[in-house]
Amino acid sequence: MAKRAVHRRARKVLGEEPMALVWCEVHKAVPTPPRDVHRAAGKGRLKPGHHWLLYVGGVVFFFVVVPMMLIDKLGHRIGRGSAGGPEPPAAGRFRSADSA
């Protein structure tokens, strides 16, 4: 049976009295299977695996890529500020359709 606070929250969300509200959980740790059963099942991991490459990618992204993006953004801002505004376009680079 669910706790009283859970019943209250469900009543608030649903707008009426919940007819059936049950939480299912395993109270004890799941035992390891016998060796012959584990071997017959292919000897897979018994714990959920997290791929180490995912963690390495996250670390590289937050400690290398993000600071490089911030430094690049700061460099553009400082470079533009010291020049006194955007650079004027070169005279011979762009031709308009009117002048041709």
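Start by selecting Val-60, which sits in helix α3 (residues 52-82); helices here are DSSP runs of H or I with at least four residues, strands are runs of E with at least two, and both are numbered from the N terminus. Val-60 counts as partly exposed because its relative accessibility is 40%; the class lies between buried, under 20%, and exposed, over 50%, with a 1.4 Å probe and protein chains only.

Before you go on, a word about the model. It is predicted, so local features need pLDDT of at least 70 and side-chain atom pairs count only at pLDDT 80 or more, while totals for chains, interfaces and linings use all residues. Residues are numbered from 1 along each chain as its sequence is written, and side-chain values use heavy atoms, leaving out hydrogens and water.

**Next stop: the patch around Val-60**

Now select Trp-52, Leu-53, Val-56, Val-59, Val-60, Phe-61, Phe-62, Phe-63, Val-64, Val-65, Met-68 and Met-69: together they make a nonpolar surface patch of about 1,200 Å². Patch members have over 30% relative accessible area and no salt bridge, and nonpolar side chains (Val, Leu, Ile, Met, Phe, Trp, Tyr) are joined within 5 Å, like charges within 9 Å. A salt bridge would be a side-chain nitrogen of Lys or Arg within 4 Å of a carboxyl oxygen of Asp or Glu. Areas come from the Shrake-Rupley method with a 1.4 Å probe, and for residues only the protein chains shown count as cover.

**Then: two rings**

A search of the whole structure gives 1 aromatic pair. Select Phe-61 and Phe-62 to see this edge-to-face pair, with 5.2 Å from centre to centre and 80 degrees between the planes. Rings of Phe, Tyr and Trp (its six-membered ring) pair within 6.5 Å; planes under 30 degrees apart are stacked, over 60 edge-to-face, and the rest tilted. Phe-61 is partly exposed at 39% relative accessibility, whereas Phe-62, at 57%, is exposed.

**Over to helix α1**

In α1 (residues 4-14), pick Val-6, His-7 and Ala-10, which are buried. They line one face of the helix, because the buried residues fall within an arc of 100 degrees seen down the axis, taken from the directions from the helix axis to the C-beta atoms. Turn to the face away from the buried side for exposed Arg-4, Arg-9 and Lys-12. After α1 comes Gly-15, with a positive phi near 85 degrees.

**Last: the whole chain**

Zoom out to the 3 helices and 0 strands of the protein chain. Of its 100 residues, 6% count as buried. The chain averages a pLDDT of 76, the predictor's confidence in each residue from 0 to 100.
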